[in-house]
Amino acid sequence: MAAVNFVDVRKSFGAVPIIKGVDIEIDDGEFVILVGPSGCGKSTLLRMLAGLENITAGEIRIGNRVVNTVPPKDRDIAMVFQNYALYPHMTVANNMAFSLNLKGTSKEEINKRVKGAAEILGLSRLLDRYPRQLSGGQRQRVAMGRAIVRDPQVFLFDEPLSNLDAKLRVAMRAEIKELHQRLKTTTVYVTHDQIEAMTMADKIVVMHDGVVEQIGAPLDLYDTPANLFVAGFIGSPAMNMIPGKLSPDDRTKFVTGNGTILPVSNPSAKAEGRELIYGLRPEYIHLDPAGLPAEVVVIEPTGYETQMIAKLGGSDVTCVFRERVQAKPGETINVKIDAAHVHLFDAETGERLSK
């Protein structure tokens, strides 16, 4: 195992910058997920770590070694791809053993490692099958097994669950996390799915347009987003955003564009006099007969909770209620906002104005 460090890493294709000075520290044994929308640079960053893309500037270190010019085969990493990349003419056992055969590892050692990885991944009964005889989840396990047998310093995962159905993705998330807890190998994982990032990572790196927007533990990013992008990207349903400004007469009152008054708890002095965005997670809006009136737009019962879009303060807001709500579109409900969980963002810069 080894720590991984990106030091002012940059990547350009011609005159077009793709990665714009990224600094990330990944501790030995840590599970780090790079997350962001398509085109943000997360897969390019992973491919540079793997040695599949050249670096324009900066340093990438694995352990104490700078690997900028080290060939992929000498970096002691193992990569699991989105499309599995299995050899169709080889059995499961031969697919898993392929890299070890290339290195000239002894047959005894290969058999030991393949059987060990197969036991970990529940593939022992499938070693004689071919990829065409496997389900999507089983193929993904084989791809993971091929990485495990190499016993690398670092595992790299490039959106490995994208080709699986929703139910299988949930199951595989748990399996990958359990695998990491067992092996404790440094892992760098790329996904555009923030639910995967929230549920699996020790640390999340949120990327946007080639830069790192914020790095932190999943709940830290959820509870204290650094800016509007992180606030809107992390969390499902997404954070509600309502434009307006603080009342000049009372800093605990936020005035929306249509004059609705929303509560604020102990706002930062930096918020005074600015155009602001009022950020509120859906779960911090509660039903209350004495609360603010909100017009129901869409209601989505899911069983254990009810999701609703309602018109509040001139904006559509998403609410999540544990109760089963009988209201219909067009009707008015009354809601109370938990002011202690309100975030204020500068409307121009997107920066969160800390308390």
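Select Asp 28 to begin, in the loop that lies between strand E2 (16-26) and strand E3 (31-35), where strands (E, at least two residues) and helices (H or I, at least four) are DSSP runs numbered from the N terminus. This is a predicted model, in which local features need pLDDT of at least 70 and side-chain atom pairs count only at pLDDT 80 or more, while totals for chains, interfaces and linings use all residues. Residues are numbered from 1 along each chain as its sequence is written, and side-chain values use heavy atoms, with hydrogens and water left out.

Asp 28 counts as partly exposed because its relative accessibility is 47%; buried means under 20% relative accessible area, exposed over 50%, and partly exposed in between (1.4 Å probe, protein chains only).

Next, select helix H4 (residues 136-148), whose 13 residues should span 18 Å at 1.5 Å a residue, in agreement with the 18 Å between its end C-alpha atoms; the expected span is 1.5 Å times one less than the number of residues. Eleven of the 13 residues of H4 are buried, so that the helix is mostly covered, and among them are Gly 137, Arg 141, Met 144 and Ile 148.

Finally, show the whole protein, which has eight helices and 19 strands and whose C-alpha trace spans about 80 × 45 × 35 Å along its principal axes. Of its 355 residues, 48% count as buried.
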